[in-house]
Amino acid sequence: MTDFYSSAWRRTMAVLALALPSLAGAQCSRDIQVPVSAIGASVVINGASIGGIYPDLLRSMGAKLGCNFVFTAVPRARLEAMFEAGKADMLIPASSTPRRDQHGLFIPLMGNRPLLISLQGARAPINTMQELIERRELRVALVRGYDYGVPYQALAKELSSQGRLFYEVDALSVARLMQSGFIDATIMSPTILAGAAQNDARVYGLADRLRLEALPELPWGMSGAYLSRKSLTAEDQAILRELLEKAGRSGTLMEGFQRHHRQELLSQSIRPR
């Protein structure tokens with residue numbers, strides 16, 4: 001993904017680093033363990049190489065502040081379990097949920113809204129979760145470990161009881177099922193699905209055929225990062241919190257998304273903090 005390492009991106013990172021004077025003397029007490037899973041352009045895993053919008057941001061800022069982030073690739077469901085057990089210092093990116101709040105401190109970085117995603121076609125619109133529940137002919141796939149709150153989990157439980165729900169390990173697996181016609185819809189941020197489709201020839205063209213529908217039960221919320229209360233010292237939490245808050249205010253993340261996704265996807269699912 002050479003685009004991630006373009007000169008424009010490096011210049012943006014340099015500007016952001018200059019905006020962090022209050023952290024100039026800060027230094028993390030140890031390496032910060034950040035397990036990640038592939039999430040579109042946000043986190044790109046290519047063999048042993050881990051890049052993307054969020055890893056690149058943390059590496060650039062960490063280099064200036066004396067904080068070394070160690071990234072490892074794991075499935076999303078395992079990442080959630082590691083964070084809850086105190087074996088991951090950060091969970092990024094992540095939406096704010098009550099369950100995650102029990103284990104970590106949430107730092108909002110941008111506005112986010114998951115959407116009902118399907119392929120363009122002639123079917124009647126779906127305006128609510130109840131309508132989706134009643135459309136029993138539609139099969140749905142979700143990524144195991146994704147969590148958009150209580151209504152999302154309740155919907156998943158109901159669809160599962162109807163035998164219409166399929167859990168997959170990542171967004172690319174969902175995209176392949178959608179491309180093949182095995183499933184009809186999914187729920188996630190469209191930038192995740194589009195990013196996965198753009199990076200794999202097996203689902204080439206899918207990103208240009210997405211149908212996006214907002215559900216009122218899944219309103220705008222915040223996406224950001226969780227800092228572990230179990231594994232991080234209070235001092236490291238404070239350093240990382242200030243680092244992330246400045247990143248959220250800088251606009252750098254939005255610029256990263258704008259480089260990789262068309263405006264239609266962004267306007268319906270992502271907005272500045």
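Analyst: Start with helix H7, residues 171–180, and helix H8: their axes come within 9 Å and cross at roughly 80°. An angle from 65 to 115 degrees counts as roughly perpendicular, so H7 is roughly perpendicular to H8. Keep in mind that this is a predicted model.

Who does the touching? On the H7 side you'll find Ala171, Leu172, Val174, Ala175 and Met178, and on the H8 side Ile192, Leu193 and Ala196. Sort the residues of this contact by class and you get 8 nonpolar, no polar and no charged ones.

Now let's move on to the sheet. It's an open one, built from 5 strands with mixed pairing, and the order runs E9-E8-E10-E7-E11. Strand E9 (165–168) and strand E11 (210–213) are the edge strands, so to speak: each of them pairs on one side only. Going from one strand to the next, the twist averages 30°.

Here's where H8 comes back in. This helix, residues 190–198, packs on the sheet and touches E7, E10 (185–188) and E11. Compare directions, and H8 makes about 115° with E10.

E7, residues 115–119, pairs with E11 in the antiparallel sense over 4 bridges. If you want a landmark there, find Leu116, which stands opposite Glu213 in E11.

Technical notes:
Residues numbered from 1 in each chain as written. Predicted model: local features only at pLDDT ≥ 70, side-chain atom pairs only at ≥ 80, totals over all residues. Heavy atoms only, no water. Pairing = 2+ DSSP bridges. Helix = DSSP H or I, 4+ residues; strand = E, 2+ residues; numbered from the N terminus. Axes fitted to C-alpha atoms, helices over the stretch in contact; angles between N-to-C directions. Contact = heavy atoms within 4.5 Å. Parallel < 35°, antiparallel > 145°, perpendicular 65-115°, else oblique. Nonpolar A, V, L, I, M, F, W, Y, C, P; charged D, E, K, R; others polar.
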